[in-house]
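I opened the notebook to record what I looked up in this structure, entry by entry.

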Amino acid sequence: MSETVIRTEHLSKTFEKGKAQEVRALKSVSLDIQKGEVFGLLGPNGAGKTTLIRILVGLLTPTSGRAWVLDRDVVEDIDYIRPRVALLPQEAGIYERLTARENLIYYGGLYGIPDDALQERTDRLLDIVGLREKEDYQVRGFSGGMKRKVLVARALIIEPQIVFMDEPTTGIDTIGARVVRNMLKKISSEHKQTVILTTHDLHEVEELCNRVGILNDGNLAAVGKPSALEEEFKAANLEEVFTGLVTGEGVYD
Ligand SMILES: Nc1ncnc2c1ncn2[C@@H]1O[C@H](COP(=O)(O)OP(=O)(O)OP(=O)(O)O)[C@@H](O)[C@H]1O
Ligand SMILES: [Mg+2]
């Protein structure tokens with residue numbers, strides 16, 4: 001039986017940009033995501049993906065409409081939601097002066113994870129992302145991809161029910177990206193954690209996501225299983241669906 005863990009109803013966000021200027025980043029987005037799904041949020045630059053994620057983790061308030069995470073309203077009940085969800089931000093929020101290990105321990109500590117469990121999870125996650133040998137180096141000397149790996153590990157240290165990954169593999173090398181993808185598969189299949197992922201890599205989507213939502217200029221243009229969308233839009237693959245929806249080329253009858 002499926003269990004809805006995220007729900008939005010006519011969710012909209014408008015950013016005011018001074019005199020009579022505004023950006024309508026989300027326009028009446030209604031969406032359901034089920035427990036254990038790996039849900040891919042797709043869309044061109046500026047489509048509203050990060051805005052949607054930021055609303056769902058309580059970093060932004062909606063202009064209108066509503067959203068629920070784990071059955072709680074994101075505006076009224078964010079204190080319930082916060083310790084149960086994790087975010088890998090698109091723009092790094094890493095502590096440059098801390099070591100890789102300290103970044104994980106510090107973050108887990110903020111969530112009140114007991115020290116024994118925290119040390120054990122830190123060992124395991126640093127092993128998985130391949131940074132164990134560099135765990136005592138300050139992160140500021142790390143490459144972009146290495147920082148991303150620290151952030152992925154950090155997001156998972158609290159063993160969240162839902163993990164929002166805003167471009168987790170961007171800037172990570174082929175092997176590292178594979179490791180991250182395998183981790184995401186595993187937490188969804190074995191631990192029934194829900195993953196909401198944004199990426200510009202459609203192969204990654206085909207490999208990982210059981211459903212996708214395509215945002216275009218703040219509108220949810222399509223949502224469904226990749227195979228169902230290909231059928232609906234008479235497209236050979238997800239790239240054709242995406243291109244057709246975003247540019248209006250080719251896939252319509
Ligand atoms: N804090 C903000 N203030 C003003 N405008 C914003 C703010 N955050 C986002 N926007 C605008 O909202 C729109 C959606 O941005 P968002 O970051 O959600 O896009 P995105 O789909 O994540 O894009 P990308 O693929 O480039 O990460 C853009 O026009 C952006 O300029
Ligand atoms: Mg973004």
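Before listing any neighbours, I note that contact here means heavy atoms within 4.5 Å. I also note that the model is a predicted one.

**Entry: Asp73**

I looked up Asp73 and found that it belongs to strand E5, residues 72-73. Its relative accessible area is 7%, and because buried means under 20%, Asp73 counts as buried. Setting aside the neighbours within four places in sequence, I listed Arg66, Ala67, Trp68, Ile78 and Ile81 as the residues in contact with Asp73. I also looked at polar atoms, and a polar atom of the Asp73 side chain lies 3.1 Å from the backbone nitrogen of Glu76.

**Entry: Gly40**

Is Gly40 buried or exposed? Gly40, which lies in strand E3, has a relative accessible area of 0% and is buried. Leaving aside neighbours within four places in sequence, I found Gly40 in contact with Leu197, Cys209, Arg211, Val212 and Gly213. I then checked one C-alpha distance, and Gly40 and Glu206, although 166 residues apart along the chain, have their C-alpha atoms separated by 9.3 Å.

**Entry: helix H6**

Next I asked which residues of H6 are buried. They are Gly176, Ala177, Val180, Arg181, Met183, Leu184, Ile187 and Ser188. These residues cover an arc of only 155° around the axis, and therefore they sit on the same side of H6. I kept in mind that an α-helix has 3.6 residues a turn, so residues three or four places apart point the same way. On the other side of H6, I found Thr174 and Ile175 exposed.

I then looked up what the buried residues of H6 pack against, and the elements are strand E3 (38-42), helix H4 (115-129), helix H5 (144-156), strand E7 (162-166), strand E8 (194-198) and helix H7 (202-208). At the start of H6, I noted that a side-chain oxygen of Asp173 comes to within 3.2 Å of the backbone nitrogen of Ile175.

**Entry: helix H3**

For H3, I recorded Ala100, Arg101, Asn103, Leu104, Tyr107 and Gly108 as the buried residues. Seen down the axis of H3, they fall within an arc of 165°, so they line one face of the helix. The buried residues of H3 pack against H4 and H5. Just after H3, I found Gly112 with a positive phi of about 75°.

**Entry: aromatic rings**

How many aromatic pairs does a search of the whole structure find? The search finds two aromatic pairs. Tyr95 is in the loop between strand E6 (85-88) and helix H3 (100-110), whereas Tyr106 is in helix H3, eleven residues apart. I looked up the accessibility of both: Tyr95 is partly exposed at 36% relative accessibility, and Tyr106 is partly exposed with a relative accessible area of 40%.

Tyr107 and Tyr111 form a tilted aromatic pair, with 5.2 Å from centre to centre and 50° between the planes. Tyr107 is buried, at a relative accessible area of 11%, while Tyr111, at 30% relative accessibility, counts as partly exposed.

I also looked for charges over rings, and at Tyr80 I noted two arginines by name: Arg72 lies over the face of the ring at 3.7 Å from its centre, and the charged end of Arg84 sits over the ring of Tyr80, 3.8 Å from the centre.

I looked up Glu159, a residue other than glycine with a positive phi, near 45°. Glu159 is placed in the loop between H5 and E7 and is partly exposed at 43% relative accessibility. Lys234, also a residue other than glycine, has a positive phi near 50°. I found Lys234 in the loop between helix H8 (226-232) and helix H9 (238-247), and Lys234 is exposed, with a relative accessible area of 58%.

Note on methods: Residues are numbered from 1 along each chain as its sequence is written. Chains are lettered from A and ligands numbered from 1 in the order in which they are written. This is a predicted model: local features need pLDDT of at least 70, side-chain atom pairs count only at pLDDT 80 or more; totals for chains, interfaces and linings use all residues. Side-chain values use heavy atoms; hydrogens and water are left out. Buried means under 20% relative accessible area, exposed over 50%, partly exposed in between (1.4 Å probe, protein chains only). Helices (H or I, at least four residues) and strands (E, at least two) are DSSP runs, numbered from the N terminus. The arc is that of the directions from the helix axis to the C-beta atoms. A polar contact is a pair of N or O atoms within 3.5 Å; within protein, one must be able to donate a hydrogen and the other to accept it, and residues adjacent in sequence count only if both atoms are side-chain atoms. Rings of Phe, Tyr and Trp (its six-membered ring) pair if their centres lie within 6.5 Å; planes under 30 degrees apart count as stacked, over 60 as edge-to-face and the rest as tilted. A charge sits over a ring if NZ of Lys or CZ of Arg is within 6 Å of the ring centre and within 35 degrees of the ring normal.
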